[in-house]
Amino acid sequence: MWHFVVSVRMRKANGPVYGVSRKKLGGESFSRCCSGKMGGCRAFRDSALLFVLLELSLVCCDITDGNAEHLKREHSLTKPYQGVGSSPSSQWDFSGSTLVTSSYVRLTPDERSKQGSIWNTVPCYLKDWEMHVQFKIHGSGKKSLHGDGIALWYTKDRLHSGPVFSNSAVFHGLAVFIDTYSNDDATDRSFPYISAMVNNGSVSYDHGKDGRSSELGGCSAEIRNRDHDTYLAIRYSKGRLTVMVDVDDKNEWNECIDIGGVRLPTGYFFGASAATGDLSDNHDIISMKLYQLMVEHTAEEENLDWTKIEPSVSLLKSPKDNIDDPTGNFRGTPLTGWKVFLLLLCALLGIVVCAVVGAVVFQRRQERNKRFY
């Protein structure tokens, strides 16, 4: 019996590879068609083969960097969640209020002051990878009466409890925050809000400001109490970090964060954590699937000891709206309406001053020239 798997993918210029559809295609429908007469099967097979050849001729130029994905089961958390527990052979360990069922891993129930996490016990030595997370945040709270959210981690240490979604505020590695509650009354963001942070242990995540001064980028996403599945993907490849979401049940990835110049070492651990305070929600992880991206590296990169890399980002400041750096270094703030008006007013005044000065200088030159006649 023949099976065809057709995966048509598109890639943005100088960016990561994106699939037209989030879910992979399979050969199940073709098998059903071939269960009938052999002649019909042969005709369908020929037409399907022709279709594949035509599609490949159209998109072969786009099938490049990182198109081959391989699921790494030792770093993946899927139903029925075998290998989860505290035994020496377990690949995932959990703590706090985490409850493992046959359908989901509930990090926190919809109750106050709960903290829970789940961590991979196997360090990841992949240079290029993509993590797909299926999650669900839901509860009885309405409008802003819910919190706090989920954090996804790729860090040097694991199972370190703390104030940031039940994990430590100071860490080495990468964190992606799915924040459902605004702690900063002065913020102009729309929550829930997704952001990313890379830390080398020198910065503490400012929970009171929702990590605004240290984020690399972010986006708003309506992810609470959805009737359909919600997904988030984190891709790290050749120094580029990309975060994508699928929360509208359109079966497509939408870009949330895309930033280059990111350096992450190998040998760190994947994990997820969540917390509630005075407000609460159910924070569920349905699955975490890690794919290895087959990407070519230079000989210099291959000979590098990736376990010794220090987590860093080449940008001196965040490209997003940040507050003043507490160390005294000014960081850019968003250009709101009145700031744009002041900027335009200053520019207009500058033009007027330059025109007046130019006119005065021209008039004096004219008077000087008349003296010679």
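Student: Arg 106 and Asp 284, are they buried or exposed?
Tutor: Arg 106 is buried, and Asp 284 is buried too, where buried means under 20% relative accessible area, exposed means over 50%, and partly exposed lies in between, using a 1.4 Å probe and protein chains only. This is a predicted model, in which local features need pLDDT of at least 70 and side-chain atom pairs count only at pLDDT 80 or more, while totals for chains, interfaces and linings use all residues. Residues are numbered from 1 along each chain as its sequence is written, and side-chain values use heavy atoms, leaving out hydrogens and water.
Student: What does Arg 106 form with Asp 284?
Tutor: They form a salt bridge, with the closest N and O atoms 2.8 Å apart; the term stands for a side-chain nitrogen of Lys or Arg within 4 Å of a carboxyl oxygen of Asp or Glu. Arg 106 lies in strand S6 (residues 105–108) and Asp 284 in strand S18 (residues 282–293), so this pair ties together parts that are 178 residues apart in sequence. Strands here are DSSP runs (E, at least two residues), numbered from the N terminus.
Student: How many salt bridges are there in the whole structure?
Tutor: The search finds 10, including one between Glu 215 and Arg 189 at 2.8 Å, N to O. Glu 215 sits in the loop between strands S11 (193–200) and S12 (217–220), and Arg 189 in the loop between strand S10 (172–179) and S11, so parts 26 residues apart in sequence are tied together. Both of these residues, Glu 215 and Arg 189, are buried.
Student: And which residue does Lys 114 meet in a salt bridge?
Tutor: Lys 114 meets Glu 111, at 3.8 Å from N to O. Lys 114 is partly exposed at 29% relative accessible area, and Glu 111 is partly exposed at 40%.

Notes: Helices (H or I, at least four residues) and strands (E, at least two) are DSSP runs, numbered from the N terminus.
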